[in-house]
Amino acid sequence: MFGKRPGGGAEVAARPKAPPPAAAPKPGAAPPPPATRAPAHVAAPPIVVDSRSEQYYEIKTTIFNALIDTIDLAQLAQLDAESAREEIRDIVNEIIAIKNVVMSISEQEQLLQDICNDVLGYGPLEPLLARDDIADIMVNGAERVFIEVSGKVQLTNVRFRDNAQLMNICQRIVSQIGRRVDESSPICDARLPDGSRVNVIAPPLAIDGPALTIRKFKKDKLKMDDLVRFGSITKEGATVLNVIGNSRCNVLISGGTGSGKTTLLNTMTAFIEVDERVITCEDAAELQLQQPHVVRLETRPPNLEGAGEITMRDLVKNCLRMRPERIIVGEVRGPEAFDLLQAMNTGHDGSMGTLHSNSPREALQRLESMITMGGYNLPSKTIREMIVGAIDVVVQAARLRDGSRRITHITEVIGLEGEVVITQDLFLYEIIGEDEAGKVKGRHVSTGISRPAFWDRARYYGREKELLEALEAAAAK
């Protein structure tokens, strides 16, 4: 293939022939169309949250280091937040004057605010936490911060000074509720004072620096009317959920990550009567119940010696001795499922919980798997009989591909035929397509059932008329 030419001589590589010259266009002919090139996938530019320059960050680092060398942190810790801010501002102003830093008044005010946030608050996260339109903040090391707005994840230009600053802020967050995160305990769940959920995973498990995830809650707590306005559920479906909550049906809320399970649970607890005693059990307290008689319990991780751990199962078992009328479990994820079902089966009607699952039927299967993993040597039929006797309704939430959240199923648990759990859908969400803007179009439809299995319970609480009207109105659409 690469041999010598017949006449001998050196071995040369084959060269491509030159293309023939392009023919001249004929007079009056249309010019040839320009060559089209396949569009390249280019990453979206970061969302500008922080417009400060590199020079600003260099000045800030210099002044911050001088402040740390100057200030007495032990004495600062004894001051209240306002006094500590005033002390820091006075010292920073002196450092700026000594170092002859040239800055405008607005830049100097920004610098004072940033340094106060670094020392006393959450540093670069403060402007993100102040925004009510952000649902999630995801920090992947010091250089990359993502946010979720309207269901879409966006990269921002917010950054930390280094991984050490990020780690300090993570430790500041978790220490507020008596927890710790370091190399010996690199995974931690915590919460902010406003109830926002926090997860931290630190090196050596997080290879590129600490990973911090904050699930923010809106300052104005959502109600069921808000979900109707957003299109998450219809007015008739909301009425059915109202009757389900008020009639003390045992409810399991199922959905994937970020589908709005906790928000839906919060809205459904609004249907609990004010004179009922409610006890909540959570890994990190985030439920926001408005009733006056609420006891909030939270799990506890083990200490440095590996002792003192309080699990979710311990909390659920202890609930039964606290005279609860309703038990609400923030998330069922392990053997506590058995104790929750026992509580539901022994007079604690109206109990609720959330669970990660893709459909109502899979949610019931996951419950069975959790009980089996707890080491209970019970036949499958016995476990399913417990589930059928305990769970009345499964509400499925989903996050669609355009970022919107919808209640896709309201399903009641009917009973057991042989070893098969029988369920019945009351409402379903049908996807029709999508509009020009890429938003998913769909509609909630009734399955036409006018007498659900919890009809007698609704009649006992005097809500059967509302239930019938809502189901008939939904079926007529």
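Visitor: Why does Tyr 460 count as exposed?
Guide: Tyr 460 has 67% relative accessibility, so it counts as exposed. Buried means under 20% relative accessible area, exposed over 50%, and partly exposed in between (1.4 Å probe, protein chains only). This is a predicted model: local features need pLDDT of at least 70, side-chain atom pairs need pLDDT 80 or more, and totals for chains, interfaces and linings use all residues. Residues are numbered from 1 along each chain as its sequence is written, and side-chain values use heavy atoms, without hydrogens and water.

Visitor: Why is Tyr 461 called partly exposed?
Guide: Its relative accessibility is 32%, so Tyr 461 falls in the partly exposed class.

Visitor: How many aromatic pairs does the structure hold?
Guide: The structure holds 1 aromatic pair.

Visitor: What makes the pair of Tyr 460 and Tyr 461 edge-to-face?
Guide: Rings of Phe, Tyr and Trp (its six-membered ring) pair if their centres lie within 6.5 Å; planes under 30 degrees apart count as stacked, over 60 as edge-to-face, the rest as tilted. Here the centres are 5.1 Å apart and the planes stand at 85 degrees, so the pair is edge-to-face.

Visitor: Where does the charged end of Arg 161 sit?
Guide: Over the ring of Phe 64, 4.2 Å from the ring centre. The rule asks for NZ of Lys or CZ of Arg within 6 Å of the ring centre and within 35 degrees of the ring normal.
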